[in-house]
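Welcome to the tour! Please load the model in your viewer and keep the selection tool at hand.

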Amino acid sequence: MSEQIHYRACNLCEAICGLEIKVRDGRIVSIKGDTADPLSRGHICPKAVALQDLHEDPDRLRKPQKRVGEQWVEIGWDEALDEVADRLAAIHKTHGANSIAAYLGNPSVHNWGNLTHSSAFLGVLKTRSRFSATSVDQLPHQLVAYWLYGHQLLVSVPDIDRSRFILMLGANPMASNGSLWTVPDFRERLKAMQARGGKLVLIDPRRTETAAVADEHHFIRPGTDAALLLALLHTIFGENLAQPGRLADFTDGLDAVAEAVRPFTPERAAQVCGIDAETIRRIAREFAASGAAAAYGRMGVSTQAHGTLCQWALAVLNIVTGNLDREGGMMFPLPAMDLIRGAGSKPGHFGAWRSRVRGLPEFGGELPVAALAEEILTPGEGQVRALVTIAGNPVLSTPNGRQLERALSSLDFMVSIDYYRNETTRFADYILPPTGALEHDHYDIIFHHFAVRNTARYNAAVFPKPAGSLHDWEIFVRLGRRLRARLRPDARKPLLQRLGARLKDEVMLRMPPHRLLDIALRRGPYGKNGAHGLSLNTLKTAPHGVDLGPLRPSLPERLFTKDRRIAAINEAIVQELARYDRLLAEQQAARPREGELWLIGRRHVRSNNSWMHNAQRLVKGKPRHQLFMHPQDLTARGIEDGDRVRVVSRVGSVEVEVQATEDIMRGVVSLPHGWGHARAGVQQRIARQQPGQSVNDLTDEHYLDALSGNAALNGVAVTVVPLGAAARAA
Ligand SMILES: Nc1nc2c(c(=O)[nH]1)N[C@H]1C(S)=C(S)[C@@H](COP(=O)(O)OP(=O)(O)OC[C@H]3O[C@@H](n4cnc5c(=O)[nH]c(N)nc54)[C@H](O)[C@@H]3O)O[C@H]1N2
Ligand SMILES: Nc1nc2c(c(=O)[nH]1)N[C@H]1C(S)=C(S)[C@@H](COP(=O)(O)OP(=O)(O)OC[C@H]3O[C@@H](n4cnc5c(=O)[nH]c(N)nc54)[C@H](O)[C@@H]3O)O[C@H]1N2
Ligand code: SF4
Ligand SMILES: [Mo]
C-alpha cells in the first residue's frame, strides 16, 4: 500500500483553509485541517471533506460534450475545440465582436489558471458583452475602492486580530466563513477579540448564526442600511466625534461629507430602518471612541437597492474615525503576488460604455449581469447571439433566472467551460470540462488580497492530471489560438504592431501559470529585494505556507489614485445622496406595500452557491431550503409551520415549504440561493433528489443598485399565499 499526505489550500470559499489530504492507493482516505498553515491554523468546515466527493463524482464531466439534438455525445478535444472556434468565428464575422457574450462565474477567481489565462481566449474575442458574478455580488465594494483609493482591488478588511469593535452589516461569517475578508476560523478570532474586551455589533434582518456569537444584534428592515449608516455619520460629525488623524493629511472632501450627511438624522433613519435613534447615536459614539474599530458590510448591504451608498458610507465611517489603515481597524493586506502594483494591474474604469438595451454602466470592462437576458432577447444591431460561460451558473445565480433560460434557448450558439451539466450549461452546444480542483496546482491569486494576515502558499496537484484532460488554462490557450487563426484580429494593423501583439501573445501562451506566479513573486513586495526572498521555489519548500506577518499600515504609499490622495466624496455620490434624501422624504425608501413582504437570502455552511448539492454528505439530513417566515406573518395569512406556500414577485413565483422562526424580522422572509435542480437535463443525480427552488426565479432584473447596476437580490417585494388559496385563485 502506498500512502501519501498532501498539503493543499481549499479552493471552495474565500477562507482558503490549509488542508491535509491523505491518499492511499490513489484514493482519498481523509481530509483534515492543516494545523501548520499560518493563516487558517487548522480550521476547516464540512465542505472541505466534500472535495473528495467532487473528485470522485461520477456526474463530473471528464470529456468534451457535444449536444446533438436532445442527446449529449462525448467527442475528442481537437474536434471540440475546432468546432467551437469555427462557430464562434462565424458569428464574430457576421455579427461583430459584441454579439458574443461571456459570463464568468465565482469559481473562476478560485482557480489560478482562470485568472492568469482566461484573457488568452477572452482577449481574442474582444467583446464588450462581458458579464460575471461580480454584479450579483461585490460590485459596490470594487466601485468604491476604485473611487476612493484608485484601484478596484484596494479593499480594506477588519483587522480582527487586533480590533476592539466590529460593526458588521449584512454578513454572516459563521456560515460563509467570511467574504472580501479572508478570515478562516472567524469564531476563534472573534472569541479572542471578545476576551480582549472587544465587541461585535451585528445589523441583520435575520438573527443569524453570527448573531448568536455577536455581543449585540439589531434587526433592520432590508434595504434601509444606507439610512442607518448616514445617521451614524451624521452623529459623528454633529457631535464633533470625527478624528481622522493622519488620514486627514491625504484625504480631501471631509467637510463636504459633513455637509452632505447633515440631513440624515438618526430620527429619520429610525423611521425607515427600524433601529431607534438613541441606539444609532450610541453605536456611533462607541465606534468613534473605540480607537480600534472596523465597520464592515457584505452581501446584505452590497446586493441591495443602495449597495454603493452603503459601501461608500462604510468607507467614510472608517476614515472619519481614523480607523482606515489603522491596526485593529480596516486594513489593506499586502499579498505576495500583488495585483495592485504588479504587472498588468487593472485599477478599473466606470461607465466607459453602457449596455445596449438599458444603458447600464460597465465597470472594469463588465456589464451588470441583470442585463444579460435582455441583451440576448432584444433584436437589433449588437444583439447577443452567442454565449460563453466559464465556471458559472447564471440561471440559478442571477435575477430572473426563468427569463435567462428563455434567452439561452434562443441563442445561436453556446459553449460552457465547466465540469457539470448544470441548470445553465445544459443549454450549451458544447461543454468543455477542465481538470478537477485536485488535479491541478494551486496558488490563491485573489484572496490573499483580502486576508487578515499576510501569508503565501503554493501546493502541487494532489492527483496527476488524467490522460487526455486539459486544465482550464490550457483550454483557454488552445481555444484562443484557434480563434485567432480564424479571425486574424489584427490583420489590418501595421506590421510592427502585428508582430508586437503576436509576440505578447506567444509569451502569454507559452507561460504556464506557475511561470507567471514565479515572476510575480520575485517582483512582488516579498520578492528578491525583500527579507523573504520569495519565489516559487521557496514556496515549494514550504507546503504549509509562509507567514509574512500581520497587516501593516500602508497609506498613502499604497493608494493608486493619481495624486496619492483619497477623494472622500464625488459628484456621483453627491447626486445619490440627494436622490436618497428625496426617497426618505417621500417615504419610498422602504419598499414593500401593504400585504407584501421583503425577501432576503441566506447561506448555510454545508452549501456553496449552486454547485455543491451533488455531494451526499453535504445535502443529507433535513432539507435546508425552506422559506423562513415569522410566526405572526404566518398567522396573518392562515399559514402553518411546514405548509407549502406560493411566493410571488413581479417576475415569477415558486412553491416552497415554510419554516416558522422568530429569528427573522416581522415582514421579512428568507430563501437561500443556488437551489432549483429539478430542471430537465441537469445531470447531478444527488442534487436532483433534493432540488429545492431557485430564489432567483423571484428576484427582479430591474431591481438594482441604481448607482452601480449591481443586482438588488435582497429586499425584493413578494407576497406569500397558502398553496390552497393559490390553487383556488387559479
Ligand atoms: N438570490 C441570490 N443570488 C445570488 C447570491 C445571493 O446571495 N442571493 N449570491 C451571488 C454570489 S455572491 C455569487 S458569487 C454567485 C455565484 O454564482 P455563479 O458563479 O454563477 O455560480 P456557481 O454556483 O458558483 O457555479 C459554479 C460553477 O462553476 C463550476 N466550476 C467549479 N470549479 C470550476 C473550475 O475550476 N473550472 C471551471 N471551468 N468550472 C468550475 C461548477 O461546476 C459550477 O457549475 O451567485 C450569486 N447569486
Ligand atoms: N457556506 C458557504 N459559504 C460561502 C458561500 C456559500 O454559498 N456557502 N458563498 C461564498 C460567496 S460567493 C460569498 S459572496 C460569501 C458571502 O458572504 P456573506 O455576505 O458573509 O454571507 P451571506 O450569508 O450572504 O450574508 C448576508 C447577510 O445579509 C443579511 N441581509 C439581507 N438583506 C439585508 C439588508 O438589507 N441589510 C442587512 N444589514 N443585512 C441583510 C442576510 O440575512 C445574511 O445574513 O460567502 C462565501 N462563502
Ligand atoms: S471554510 Fe471555505 S476554505 Fe475553509 S474548508 Fe470550508 S470551504 Fe474550504
Ligand atoms: Mo460571491
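**Before you start**

This is a predicted model, so local features need pLDDT of at least 70 and side-chain atom pairs count only at pLDDT 80 or more, while totals for chains, interfaces and linings use all residues. Residues are numbered from 1 along each chain as its sequence is written, chains are lettered from A and ligands numbered from 1 in the order in which they are written, and side-chain values use heavy atoms, with hydrogens and water left out.

**Stop 1: ligand 1**

Select ligand 1 and the 29 residues around it, among which Y103, N106, S397, D418 and S610 come nearest. A residue belongs to such a shell if one of its heavy atoms lies within 4 Å of the molecule.

Now look for polar contacts, which are pairs of N or O atoms within 3.5 Å; within protein, one atom must be able to donate a hydrogen and the other to accept it, and residues adjacent in sequence count only if both atoms are side-chain atoms. S610 has a polar side-chain atom 2.5 Å from an oxygen atom of the ligand, and D418 has one at 2.6 Å from an oxygen atom of ligand 1. For R603, a side-chain N or O atom is 3.1 Å from a ligand 1 oxygen. On its own, ligand 1 has 920 Å² of accessible area, and the protein covers 96% of that. These areas come from the Shrake-Rupley method with a 1.4 Å probe; for residues, only the protein chains shown count as cover.

**Stop 2: ligand 2**

Which residues come closest to ligand 2? Of the 33 that surround it, they are D204, G223, D225, R603 and S607. Click on R603 again: a polar side-chain atom of R603 lies 2.7 Å from an oxygen atom of ligand 2. The backbone takes part too, with an N or O atom of N172 at 2.9 Å from a ligand 2 oxygen. The protein covers 97% of the 910 Å² of accessible area that ligand 2 has on its own.

Colour this shell by class as well, and you will find ten nonpolar, 15 polar and eight charged residues. Domain 3 (152–336 + 512–586) and domain 4 (592–729) both contribute residues, so ligand 2 lies between them.

**Stop 3: ligand 3**

Move on to ligand 3 and select C10, L12, C13, A15, I16, C17, I44, C45, K47, A48 and N177, the residues around it. By class, nine of them are nonpolar, one is polar and one is charged.

**Stop 4: aromatic pairs**

The whole structure holds 14 aromatic pairs. Rings of Phe, Tyr and Trp (its six-membered ring) pair if their centres lie within 6.5 Å; planes under 30 degrees apart count as stacked, over 60 as edge-to-face and the rest as tilted.

Show W112 and Y458: their ring centres are 6.0 Å apart and their planes at 50 degrees, so this pair is tilted. W112 is buried at 5% relative accessibility, and Y458 is buried at 6%. Buried means under 20% relative accessible area, exposed over 50%, and partly exposed in between (1.4 Å probe, protein chains only).

Next, show F165 and F287, an edge-to-face pair with 5.7 Å from centre to centre and 90 degrees between the planes. Both F165 and F287 are buried. Finally, select Y146, W147, F350 and F363, which ring pairs link into a cluster.

**Stop 5**

Most residues other than glycine have a negative phi, and most peptide bonds are trans. Select L180, which has a positive phi of about 50 degrees without being a glycine; L180 is buried at 7% relative accessibility. D325 is not a glycine either, and its phi is positive at about 65 degrees. The relative accessible area of D325 is 2%, so D325 counts as buried.

End at L555 and P556, where the peptide bond is cis, with omega near 5 degrees. P556 sits in the loop between strand 23 (546–550) and strand 24 (566–567). Helices (H or I, at least four residues) and strands (E, at least two) are DSSP runs, numbered from the N terminus.

Conventions: Ala, Val, Leu, Ile, Met, Phe, Trp, Tyr, Cys and Pro count as nonpolar, Asp, Glu, Lys and Arg as charged, and the others, Gly among them, as polar. Domain bounds come from an automatic or database domain assignment.
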